[in-house]
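Q: I'm new to reading protein models. Could you walk me through a few features, one at a time?

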Amino acid sequence: MLLEIKNLFFSHRPDQPLFQNFNLKIEEGKIIALAGESGCGKSTLLNLIYGLLEWEKGEILFNGKSILGPVKNLVPGEDDMKLVAQNYDLMPYATVSENVGKFISNINLQEKKHKVEELLEVVGLLEFKDTLPKYLSGGQQQRVAIARALSVLPKLLLLDEPFSNLDFSRKIELRERLFKYVREKNISLIISTHEIQEVMPWLDQIIVLEGGRLIQNDNAEETYKTPYNQYVARLFGEVNVFTDEEKVALNVSKNFWYPHEIRITENGRDAEVLESRFAGSHFWNKLSIKGKNLISYTPEKIKGTVKINL
Ligand SMILES: Nc1ncnc2c1ncn2[C@@H]1O[C@H](COP(=O)(O)OP(=O)(O)OP(=O)(O)O)[C@@H](O)[C@H]1O
């Protein structure tokens, strides 16, 4: 087992317990998302795994070895583990290349230069190799920090919201190159995100936290198709939720329906179209069925009364 968290107790403040008997096991070579709404404990958990915070009780084992908190380990982090937090901690007077090469040995300078350039290509910053970090945007600095963390080929890489400062096209480029590199080098990755849709195609596993509790730990498809509850379903975007009573009253087969699952059919039940708006790849519709409003996505604009399947 690459990482094992056993019976962990931690709170930032005594009156607000966060992790209460938290347990988690992570196998080697996986790409894992740590998901959940803002404040659920994602960053805190990554910091605990990296040994930046002192916990009250429990154990964190990395490669079978106990991680120590900052009191016992003054220089946090293990050789085989790297964290890219939301403060990127770059050397301000060193160029982008020098920052990325910080942990690479100077024995073979030609090899080092080559390695740094390879990493800058992964994060799409080759053209900025001689620039100082202060002339870079927040998103670019974040990418320098990712390249630097990759340079040591860690066994485990922890990325805290790595795409948070990137625009859409940069995000698409980076995520593809990053996940490919991580797979090629067999680096295990835990990536915290509240936009799970954006990384879903690359994930082996999704760990969902709610208020410091682990509420689901499955592969991406299972999590999407059988979310543990409404909170999990909502991580994937808009979702129609039927309470158990509504499920019975309206005779529907399940509690959660994503908008694309509510299809217009020739013979289904009547639904009144309240709104139908262009949303790019689809039309966004608000429907009403027996007084319950539903969101559905359709390829065409709809109006009046339609028939839907549920
Ligand atoms: N230094 C701190 N002191 C006190 N409370 C804190 C501290 N850092 C975080 N918290 C609290 O702990 C909880 C978990 O915070 P954390 O930053 O781990 O959440 P998160 O899921 O990473 O959120 P986000 O997605 O917004 O980054 C929150 O309620 C937060 O307010």
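Q: By class, how many residues of the shell around the ligand are nonpolar, polar or charged?
A: Keep in mind that this is a predicted model. To read a shell, sort its residues by class: here two are nonpolar, eight are polar and two are charged.

Q: Which residues surround the ligand?
A: They are H12, R13, L18, G36, S38, G39, C40, G41, K42, S43, T44 and H194. Two elements, β1 (3-13) and α1 (42-49), each give two or more residues to that shell. The largest share comes from α1, with three residues.

Q: In what sense do β13 and β14 pair?
A: For strands, look at the direction and the bridges. β13 pairs with β14 (residues 283-289) in the antiparallel sense, over six bridges. One example is E275, whose bridge partner in β14 is K286. The hairpin has four residues between these strands, and G280 there takes a positive phi near 90°.

Q: Which strand do seven bridges join to β14?
A: That's β15 (residues 292-298), and the two run antiparallel. F283 has T298 in β15 as its bridge partner. This hairpin has two residues between its strands, and K290 in the turn has a positive phi of about 45°.

Conventions. Residues numbered from 1 in each chain as written. Predicted model: local features only at pLDDT ≥ 70, side-chain atom pairs only at ≥ 80, totals over all residues. Near = placed C-beta within 6 Å. Nonpolar A, V, L, I, M, F, W, Y, C, P; charged D, E, K, R; others polar. Pairing = 2+ DSSP bridges.
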